[in-house]
Amino acid sequence: MVIGSLEKDTPAAAKPWTNEVRDGWSLARAWRQHNNGNIEIILAEFLTFTALCREDGCPGKSVAGKPFLQRAQEMKTLRAEQGDSYKLVRNAHIWLAGLADPTGAADKDAALWSKDPDAAAADVEKANLYALYWILAKEKPTPAEQAALFTRYALLVQGKGWVGARCLDITKVATVLDAPPEVESCQ
């Protein structure tokens, strides 16, 4: 449901689902075990790796065309360069706000997410994902594509944010009891 909401009004929405959920789960567990020594993944990890498998495929546990172990090393290098997770998150938001994004999502999200750095920086798992998103976004050829990737994936950690012209709130997806999960719109 969350990934479908992210893909709404894009060509990816018409792409049939195959093994992305299973592969994403497996990749999230491998990522977590390598980086944290356990396999108790959080929802943001599951959604991230399922979306990555859906977007680019993830043969052999690859992440955007590279082995996940190489991506994990890139993430650890970036985290070390940034000094701590709060600096990483702050600098990612500064970078995001500086991107030319015709949808305006980059500026809106940078401002919104900068209000609560704990959302991405307080948990090592979420900070690891944020570093990965930043790495993957920087690999995109244009600022607009960089902004689109980062805002789409950072929403999975932040829970609320702008994806293009739409504001999505996924904070209640896993908390609704006795009703189907729902992705809400926000302002």
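Guide: In this predicted model, a polar contact is a pair of N or O atoms within 3.5 Å, of which one must be able to donate a hydrogen and the other to accept it.

Visitor: What makes the pairing of the E139 and R71 side chains a polar contact?

Guide: The side chains of E139 and R71 are joined at 2.6 Å, and this counts as a polar contact because the cut-off is 3.5 Å. R71 is also among the residues that E139 touches beyond four places in sequence, the others being K66 and E74. E139 itself is placed in the loop between helix 8 (124-138) and helix 9 (143-158).

Visitor: Why is E139 called partly exposed?

Guide: Its relative accessible area is 41%, and the term partly exposed covers values between the 20% limit for buried and the 50% limit for exposed, so E139 belongs to that middle class.

Visitor: What makes the length of helix 5 close to what is expected?

Guide: Helix 5 (residues 85-97) has 13 residues and reaches 18 Å from its first C-alpha to its last, and the expected span at 1.5 Å a residue is likewise 18 Å. At the start of helix 5, a side-chain oxygen of D84 comes within 2.8 Å of the backbone nitrogen of Y86.

Visitor: How do you know which side of helix 5 its buried residues are on?

Guide: The buried residues of helix 5 are S85, L88, V89, A92, H93, W95 and L96. They cover an arc of only 160 degrees around the axis, which puts them on the same side of helix 5. Among the elements that cover these buried residues are helix 4 (68-82), helix 6 (105-114) and helix 8.

Visitor: What makes L96 stand out in the largest nonpolar core?

Guide: That core has 53 residues, and L96 is one of those that touch the most other members, together with F49, Y130, Y133 and F150. Helix 8 gives the most to this core, with 9 residues. Beyond four places in sequence, the residues that L96 touches include W113, A147 and F150. In soluble globular proteins, nonpolar side chains tend to be buried together.

Visitor: What makes the phi of K61 worth a remark?

Guide: Phi of K61 is near 60 degrees, a positive value in a residue other than glycine. K61 is found in the loop between helix 3 (43-56) and strand 1 (62-63), and at 31% relative accessibility K61 counts as partly exposed.

Note on methods:
Residues numbered from 1 in each chain as written. Predicted model: local features only at pLDDT ≥ 70, side-chain atom pairs only at ≥ 80, totals over all residues. Heavy atoms only, no water. Helix = DSSP H or I, 4+ residues; strand = E, 2+ residues; numbered from the N terminus. Buried < 20%, exposed > 50% of the residue type's maximum accessible area, 1.4 Å probe, protein only. Contact = heavy atoms within 4.5 Å. Expected span 1.5 Å × (residues − 1). Arc of directions from axis to C-beta. Core = buried A, V, L, I, M, F, W, Y, C linked by side-chain atoms within 4.5 Å.
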